[in-house]
Amino acid sequence: MLEFLKQPMPWYIAGPLIGLMVPLLLIIGNKTFGISSSLRHICAACIPAKIPFFQYKWKEESWNLFLVAGIVTGGFIAAAFLMNMNAVNINPKLVTELSKYGMDNYQSLVPKQIFNWQALLTARGLIMIVGGGFLVGFGTRYAGGCTSGHAIMGLSNLQWPSLIATMCFMAGGFIMANLILPFILML
Amino acid sequence: MNNTAPIKNIETNTDFEVRSLDAICINESTLKHPWWYNLKYLFAGVLFGIILVKSEVISWFRIQEMFHLQSFHMYGVIGSAVVTGIISVFIIKKLNIKTIYGEKIELPAKKFNKGQIYGGLLFGFGWALTGACPGPMFAQIGTGALVIIVSLLSAIAGTWVYGLLREKLPH
């Protein structure tokens, strides 16, 4: 059983399980699935700075902070007990492409050659770790939701603004990954 | 069920208005519970976190493959999640399923604004750079990739700057 659980989870099991988060949260407490709001609640709780956007009773939303604390815990449990040591099985084309930028370590889900503490002192690391994080926080709130809130929750409820948001997430990702990221990786 | 809670009462209305700005997850429940009722969301988060790691959705490489059309994996995950979600919401509405506390399930409609385009594109850039959307960022930290804490703090800063500039940005 444990051996089975240590296998990577195929998409046709992971996808439906992620989709079931939607009815689960609705049924256990009338909550709409979404993650990026937690970032806003953290701002409202820690650094509201009299900004109107952060003046609301964040404590009433604290369920969302419990949810993300659970995600951190789940990440820890999966990594500590449910992983095998095999490298991520990646399309050889991507391997060839990334090798141009000196990347050859595929052991971890988060590539250590890009995301490490020393990298914070390099232009590449700063752009990807700090700049990327900033865009995720700014963009998701500007868009009113992230992959969970728009792409999964919003589309599940057949909301066309969520479809537009999801298409823009993908468009932004394609532009960055194909047209801009190669230059950043060269730094 | 005759103990259904009333829809939002008047004194919480301004609070609700601020909260629902640019938000997907608006607390729809009007029931007041002790804090430990929230532990069930912690448990839901644990399950979600394990799935995100086990399916390699939190892998920077999987995200790159998706944006280079080199693998079906991410499209399969997101696509089947959406189909499952659509069927679930349809069943909840059709059968008028209530929460475990007997409340009616409410799903707010989303209004379109230009933020979904501009913000969506900016988030897309960040997604391809970090290889993570907000959920996976939390899961990555859990797996021990502690440097992602810096990305998370930066994402919080990004949210804060958005709140600061909100009135000046096109919507």
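Predicted model: local features only at pLDDT ≥ 70, side-chain atom pairs only at ≥ 80, totals over all residues.
Residues are numbered from 1 along each chain as its sequence is written, while chains are lettered from A and ligands numbered from 1 in the order in which they are written.

The domain assignment places domain 1 of chain A at 1–86 and domain 2 at 88–187, with bounds that come from an automatic or database domain assignment. The centres of the two domains, taken over C-alpha atoms, are separated by 19 Å.

## Ile184 of chain A

Ile184(A) belongs to helix α9 (residues 160–186) of chain A. With 17 C-beta neighbours inside 10 Å, Ile184(A) counts as partly exposed, a class that lies between buried (20 or more other C-beta atoms within 10 Å of the residue's own) and exposed (12 or fewer), with C-beta atoms placed from the backbone. Leaving aside neighbours within four places in sequence, Ile184(A) is in contact with Arg124(A), Ile127(A) and Met128(A). Met128(A) is 56 residues from Ile184(A) in sequence, yet the two are 8.2 Å apart in space, C-alpha to C-alpha.

## Chain B and its helices

Chain B has seven helices and zero strands, and 49% of its 171 residues count as buried. Among the contacts in chain B with a separation of 6 or more, 55% come from residues 24 or more positions apart.

Helix α3 (residues 60–67) and helix α4 (residues 73–94) of chain B pack at an angle of about 90°, with axes 8 Å apart; axes are lines fitted to C-alpha atoms, for helices over the stretch in contact, and angles run from 0 to 180 degrees between N-to-C directions. The pair α3(B) and α4(B) is therefore roughly perpendicular, the term for angles of 65 to 115 degrees. Arg62(B), Ile63(B), Glu65(B) and Met66(B) in α3(B) meet His73(B), Met74(B) and Tyr75(B) in α4(B), a contact that has four nonpolar, one polar and two charged residues.

## A buried helix and the contact between chains

Nine of the nine residues of α6(B) are buried, so α6(B) is largely enclosed by the rest of the structure. The cover over its buried residues includes α4 (37–46), α5 (62–81), α7 (123–143) and α8 (147–156) of chain A together with α2 and α7 of chain B. Just after α6(B), Gly144(B) takes a positive phi of about 105°.

The contact between the chains takes 112 residues from chain B and 120 residues from chain A. On the chain B side, the largest share, 16 residues, comes from α5(B), and the residues of that side divide into 63 nonpolar, 36 polar and 13 charged.

Technical notes. Helix = DSSP H or I, 4+ residues; strand = E, 2+ residues; numbered from the N terminus. Parallel < 35°, antiparallel > 145°, perpendicular 65-115°, else oblique. Contact = placed C-beta atoms within 7 Å. Nonpolar A, V, L, I, M, F, W, Y, C, P; charged D, E, K, R; others polar.
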